Every structure is written in structure tokens, then in C-alpha cells.
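Trainee: Please take a close look at one part for me. Where does the ligand sit?

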Amino acid sequence: MTQPTRTVPPSPIGAPPVPLVDLGIQRDRIADEVAEGFARVLAATAFIQGPDVSAFEEEFASYTRRAFSVGLGNGTDALEFALRAAGVGTGDRVALPANTFVATAEAVLRAGAEPVLVDVDDEHLLLDPDALGEVAATCRAVLPVHLFGQMAPMDRIRDVAERHGLIVVEDAAQAQGATHRGVPIGGWGAAAGTSFYPGKNLGAFGDAGGVVTDDAEVARRVRLLANHGSEVKYQHPVLGFNSRLDTLQAVVLRAKLARLDAWNEERRAAARRYAELLADVPEVRLPSVADGNEHVWHLYVVRVARRDTVLAELNAAGIGAGIHYPVPVHHTGAFAGSGYERGDFPVTERAAGEILSLPLFPGITAGQQERVADALRAAVRRDA
Ligand SMILES: *Cc1c(COP(=O)(O)O)cnc(C)c1O
């Protein structure tokens with residue numbers, strides 16, 4: 001049978017595109033507070049380590065219910081420094097999920113350690129504690145990733161870690177505000193590293209990151225690493241880096257942190273609305289919340305057959321859908337020499353061809369979500 005000519009679905013006349021993320025909404029909501037804060041920093045020329053930096057650090061420690069928080073230049077440094085500060089170093093093997101952003105693996109390598117990839121569970125695409133158990137005996141640490149806005153199964157991961165004496169450092173870049181069994185990031189091991197990249201749930205107006213921990217010594221070492229190995233000016237007992245949180249970014253983060261719970265609630269409402277709008281579309285596999293989790297929906301990731309075609313049709317209809325992440329870590333050129341092969345992590349590899357991130361952000365409207373759902377329904381049913 002001949003296929004009908006493939007046509008782009010008609011979008012409602014004059015309907016503007018729906019972006020994957022609209023950061024302008026957040027920017028406008030905090031505009032006055034940021035203008036005041038920037039004026040304060042400029043007046044004091046407090047560009048490096050100004051009072052807003054320590055104020056944000058205290059506020060973020062309190063928000064995550066941790067004893068210490070250190071502001072840093074970005075999330076990848078946060079993970080590297082957290083690993084180093086927790087005692088991970090040259091030659092150590094560190095387990096991490098195969099399904100993550102490449103930065104998780106970069107941080108392990110930059111700490112001098114060897115990434116040991118572990119497959120994820122098929123339902124939530126989070127680090128699989130059973131798969132972790134198979135490599136744990138040879139590892140020094142585990143770096144679980146709280147992907148898409150929900151935490152990895154930390155109770156079971158901690159059990160495996162305790163059995164094998166593993167150091168636990170969390171990658172909490174996508175999970176500001178999330179909890180597992182009521183415990184927020186940084187409460188499950190030595191420390192959590194997080195990213196305040198603009199698109200994250202708590203995002204700056206540029207690069208920024210941080211570490212939270214209950215361990216005073218870990219916090220002290222992270223601070224040393226971020227500030228040229230120095231606590232006292234011109235004394236450098238260890239070799240460090242330059243990765244301090246910028247004061248202007250601290251102003252932005254303070255304004256956004258005060259609104260984070262409300263914005264995460266908007267994300268949850270948007271996730272519920274997608275679940276309703278797509279309930280009658282069995283071709284679309286919806287994301288679910290894992291046991292014990294409070295989800296903050298950094299991304300709304302569905303799974304579909306013929307994903308690349310569906311994505312192209314959505315994009316053609318003005319829907320800014322995306323893929324997080326199209327290439328598993330062990331298939332990237334950067335990790336070509338790592339010894340892993342196609343087929344080593346079947347759940348991750350299959351998911352990479354099916355996942356599709358739908359637009360979701362604080363301020364998304366019901367009308368925008370209806371347009372996304374209508375376009376998606378049409379795309380998965382075309383030529384099926
Ligand atoms: C964003 C992200 C990072 C890296 O953060 P940067 O601030 O971009 O360096 C690390 N891990 C995960 C899972 C991320 O999403």
C-alpha cells in the first residue's frame with residue numbers, strides 16, 4: 001500500500017511556537033529584585049565573594065536542610081570537587097549510571113578516577129541498585145544521578161554502598177527541591193553536587209553550581225579546591241582551581257530560591273496536566289514517579305516509537321520538544337577509548353532511541369500544553 005504524502009500538521013493560525021523552556025518568564029518575575037541586587041553589588045564593587053555569596057550559601061544550606069553549602073562556578077566542578085573532597089582520587093573506580101548527561105562522567109575522570117557505568121531501570125531510567133550491586137565490590141564510590149527531577153532510589157543505593165563501603169556523592173543537578181523518603185539532596189552520603197545552569201530548576205543568569213554536605217571537612221576541602229587551594233590569602237597548601245560562585249549570580253539565585261517551591265509546584269501541576277491530556281494516547285509512554293519520591297519535573301520525558309520522526313513533526317509544528325540525551329555516555333567520542341561497547345547497557349541504549357522531552361517550565365499555560373498534546377497525538381498516529 002502506498003503511504004500518503006507526509007504533511008506537516010496544521011498549527012492553529014497564528015499560534016506562536018511553544019518553546020521547550022521559557023526562561024523569560026522567570027526573568028520577568030524576579031526583575032525588580034535582581035535590578036536592586038545588581039545595583040547593590042555594583043555600588044559596593046563586591047564582584048568576588050561579596051556578601052550575597054555567603055547569604056545564598058546559607059539560604060541554600062537551610063533549604064536543603066544541610067549543615068554546609070559552598071557556591072561554585074558550575075555543576076561539573078561541583079561534582080569533581082565533591083568527589084575529591086570526599087576522598088575519591090587517582091585510580092579509584094566510581095560507579096555512575098550510563099544514562100546521564102556527559103558531565104557526570106567528566107567529573108569522575110577529572111577527579112583522577114575511572115568511570116564504571118551501570119545500567120538504569122526501565123521504568124524510571126534511574127541507576128539500578130541491582131546493577132550497582134554487580135560492580136560495587138570493585139568500586140570506591142558511587143555517583144547516582146537524580147535524573148529529570150526525581151531522586152535515584154537512594155535507600156536501596158545506600159544499602160549497597162554500606163555493604164561494600166562505598167563513598168556516596170549525589171549528582172543533584174536536576175533535582176533542586178526533590179526528596180526521597182522525605183530527605184532532600186545531600187542527605188544520603190558524603191555530599192551532593194548541583195548545577196545552577198540557567199535551565200535547571202534553580203538556574204542563574206550564567207554558569208554556577210554548588211555542593212551541599214553535612215560534613216564540615218568535606219565543605220572545607222571543596223572551598224579550598226574552588227579558591228586556588230587557599231583559605232588564607234597567598235597561602236596555598238594544596239593545588240586548587242578557580243571556581244567561585246559569582247556574586248551577581250548569587251543575587252539571581254537568592255531571588256529564585258525564594259520562589260523555587262512555588263515554581264516546582266507549577267511544574268508538578270503541568271506534569272499532572274500532561275498526564276491527563278495524554279491519558280487516551282497509549283502510543284505515548286508517560287513518565288512516572290518512583291516509590292518514595294517527591295518529583296520536581298526538571299524535564300517531562302515520554303517515550304514513543306519512531307521517535308526521530310515524531311520529534312521532527314513536533315518541531316515542524318512549532319513545538320520545541322528535545323532529547324535528553326540522544327547519545328549514551330559510552331557512545332560519545334570522548335569515551336570511545338573506555339572499553340565499553342554497543343549493547344553493554346541495553347536499557348539505556350533502547351531508551352536513547354525512544355525518549356522525548358516535552359515543553360515544561362513554570363508559567364507554561366494550559367493552552368500551550370494542549371497544543372503540545374494535540375501535536376503529539378497526531379504525530380504518533382500518522383503512518384503508524
Ligand atoms: C547540568 C548537569 C551537570 C553539569 O552542570 P554544569 O553546571 O553544566 O557544569 C551535571 N550533571 C547533570 C545530570 C546535569 O544535568
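Mentor: A pocket is an open set of points on a 1 Å grid over the protein atoms alone, where a 1.4 Å probe fits, with protein on both sides within 12 Å along at least five of seven lines. A molecule sits in a pocket if more than half of its atoms lie within 2 Å of its grid points. The ligand sits in the largest pocket. This is a predicted model, where local features need pLDDT of at least 70 and side-chain atom pairs 80 or more, while totals for linings use all residues. Residues are numbered from 1 along each chain, and side-chain values use heavy atoms, without hydrogens or water.

Around the ligand are 15 residues (a heavy atom within 4 Å). Gly75, Thr76, Asp171, Ser195 and Lys200 come nearest. By class, this shell has six nonpolar, seven polar and two charged residues, with Gly counted as polar. α4 gives the largest share, three residues. The elements that give two or more are α4 (75-85) and α5 (102-110); helices are DSSP runs (H or I) of at least four residues, numbered from the N terminus.

From Ser195, a polar side-chain atom lies 2.6 Å from a ligand oxygen. Gln174 also places a polar side-chain atom 2.8 Å from an oxygen of the ligand. Gly75 uses a backbone N or O atom instead, at 2.8 Å from a ligand oxygen. Of the 380 Å² of accessible area that the ligand has on its own, the protein covers 92% (Shrake-Rupley method, 1.4 Å probe).

Note on methods
Polar contact = N/O pair within 3.5 Å; in protein donor to acceptor, adjacent residues only side chain to side chain. 1 Å grid on protein atoms, 1.4 Å probe; cavity = no way out; pocket = protein on both sides within 12 Å on 5 of 7 lines; lining within 4 Å.
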